[in-house]
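Try each task before you read its solution.

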Amino acid sequence: MGAVTLTFFSSVMAASSDSVPVSIPRDATWSLRLPKDDKVTYRGLVSFDDAGVGAGGMVYPAPSALGFLAAVFTHGAIVESQKQSQKNKLQEQADKVLAPYDSILKDFSHKELMHRALEKTTTAGNKKLVDSTDKAGTDWSIASIPIFSMTQDRSAIVLENAIALYPPNVTVPAYQNAVKVVSQPKGGAETDFWSANGGSKLKEESAGLLAHSLDIAIVEATNAPGKDSAQKTFRYLEGSAEKMERAQLISEHCNRVVIKTLRGWLMSVPARPSSDSPGTASCVDSATSASAK
Amino acid sequence: MNTRVSVGALCAILLTGCASTPPQNPIDLTGSSIDAKAGRVGVVMTPLPKVDTQFPGAGCLLCLATASLANSALTAHTQTLPYEDLPKLRSEVAEALRKKGTDAIVVADDIKVDGLSEYGKPGPNIARKDFSPLKQKYKIDKLVVIQIDVLGIWRNYSAYVATGDPKAVLKATGYMVNLNNNTYEWYLPLNITKSAEGPWDEAPKFPGLTNAYFQALELGRDKILEPFKKTSTADASTR
C-alpha cells in the first residue's frame, strides 16, 4: 500500500463517523474517485493472538543512572524491533495464501474494480468514475480506499474500506467511516474457484463487496441517528471460522447483518443460519453475487 | 552453620513441594460420567475474579510501578468491564446436562475451593482438595466446578519494557469430581488470549481491546460448555 493511501486510510479509520445525517438528494449524481495507487491491495488474513515476545526478567548493567537509562532504552528499542519483525513475518506468512492468484492480482486495477462495483451498487442516481486528481465538481463524490483480505482456507474474502462522502464543490467530507464486509463463506472453496476464467469469481466477489460497502456507507450517512440498540456480541462466519464482534445492530436483511462496532465502524457480516432467519433463496445479496453466478 | 541448615531445609521443602504436586492432565468427559446412571450432578462456580490488568514479567517493584503507571488508563477502563453472561454459566452447564438425561442441579452458592481441606490420599486424577463433604450438603453424587481464575487484560513485560501488545485473557479450569472417591472425571484447563484487531492504544475506551475481552469471554463459555453439549450419552441418543 502506498504512503498516501495509507495516510488517508489511517485518518478515516481513526475518525469517528459523524452522527448528523447528511442530506443527499435521491437523484444525486455520484462520482467515485479513484485512489492514487492503481493496484488493488490484497493480503492474507492474519491473527496476532500469538504475537509477542513473552514475559521475562532482565538484568541491566548500571554503572551509573545514565548508563542504566541507556540500557533500558536500548532494551526497549530491541524489543520494539522484535515485535514489529514478528508481526511482519506473520503477515508475510499469511500473504502466501494469495500466491496462486499473483498473476490475476498484479493486473487488477482500482479502475477495473471500481467500474465493476459501480455496476453493482443499489444506490439510486447516476454514477461515474473520476480520476484522483480531478477537482471537486457539481456531483457528490466518494473517496474510497479498499483493502481486501483472503481467509487462510480461501473460503471467504474480507473487505476493509475507508470511505469519505463529499458534497458538490466541497473538499471537506460530510461523512467518513470505515466499512468492513465479510463475504458469504464458500463451502469447500478451492484454489480454482477464485482463479477460474482469469479470476472472474475473485474480481466479481471483490466488486460485490466494494459495492455493498458503498451502499451501506451512503445509507448510514443519510440516516438520522436512531435510538442506540444495546451492545451485544455478534457471531458470524469468516470463511469456516466463527468470529465474534461486540457491536450494535444497525439492520438485518436477507442473509446479512449490518452492525456498528465499538470503534463506530460499520460491518456487514453473514447472518448465522437459523430456521426463522429471513434469509431465503429469493434474497439477492450484492455482497455475494459471485457465488450466485 | 545454622544458616546453612536453614537454607538447605528451605530448599528441600520447596523442591519436595514442587515434586509432590504435578500439574493435573486434562481428562475428557465421557458419556458414562454424565448419563442417567451417573447419579445427581451439581454445578457450581467459584467466586469470579476482579476484572483487572496484569503485567507479567514486570518483576521488580520499580518495574511494576512503571508498568502500572504506563498503563493506568487501560487499567481504569478494564476495571469497568462487565462479566456479561459469565455468572449464568453454571445454569447453562446444568441445562446442557439435563438435555443429556442427567439429573443436574445448580448449586447457587459460590464455592471457595481453597477453603476445603486437603484430601489425604494423593494420586493420579485425584483432587487435591476434599470435595466429599459437599455430597451430603447438596445431596449430589458428582460436582462440576467452573473456576474462572483470571479475567481481564494482560501485557507482558521484560523488566521495564513491554514485550508485546496488551491482550484480553481468560484463564479458567472446568472439572467434575466424583464425590464418592474424590476423583476427577473431567478436567479442562483453559488459557484464552485475544489480541485487538488493529491498533490497541485507543484511550479512554480501548474499543479494540474491549472487543477482544468480550471475544475471550464468549470463547471461554464455549469451551466450558462444549463437552457437555457434544459428549453423547445413551440416554440422550434414545430421546
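**Exercise 1.** In this predicted model, is the crossing in which helix 5 of chain B passes helix 7 of chain B left-handed or right-handed? Work out also how the two helices are oriented to each other.

*Solution.* 
1. Two packed helices are described by the angle between their axes and the distance between the axes.
2. For helix 5 (residues 89-99) and helix 7 of chain B, the axes come within 9 Å and cross at roughly 15°.
3. Angles under 35 degrees count as roughly parallel, so helix 5 and helix 7 of chain B are roughly parallel to each other.
4. The crossing of helix 5 of chain B past helix 7 of chain B is right-handed.
5. Helix 5 of chain B brings B:Leu89, B:Glu92, B:Val93, B:Ala96 and B:Leu97 to this contact, while helix 7 of chain B brings B:Arg221, B:Ile224, B:Leu225, B:Phe228 and B:Lys229.
6. Sorted by class, that makes 7 nonpolar, no polar and 3 charged residues.

**Exercise 2.** Find which element of chain B gives the most to the side that touches chain A.

*Solution.* 
1. Chain B and chain A each put 21 residues into the contact.
2. On the chain B side, strand 5 (157-158), strand 8 (183-195) and helix 7 (207-230) each supply at least two residues.
3. Helix 7 of chain B gives the most, with 6 residues.
4. This side of chain B divides into 7 nonpolar, 11 polar and 3 charged residues.

**Exercise 3.** Decide where in chain B to read with care.

*Solution.* 
1. The average pLDDT of chain B is 90, and 89% of the residues score at least 70.
2. Over residues 14-18 of chain B, however, pLDDT stays under 50.
3. Where pLDDT is low, the predicted coordinates should not be read in detail.

Definitions and conventions:
Residues numbered from 1 in each chain as written. Chains lettered and ligands numbered in written order. Predicted model: local features only at pLDDT ≥ 70, side-chain atom pairs only at ≥ 80, totals over all residues. pLDDT = per-residue confidence, 0-100. Contact = placed C-beta atoms within 7 Å. Helix = DSSP H or I, 4+ residues; strand = E, 2+ residues; numbered from the N terminus. Nonpolar A, V, L, I, M, F, W, Y, C, P; charged D, E, K, R; others polar. Axes fitted to C-alpha atoms, helices over the stretch in contact; angles between N-to-C directions. Parallel < 35°, antiparallel > 145°, perpendicular 65-115°, else oblique. Left-handed = near helix turned anticlockwise from the far one by under 90°.
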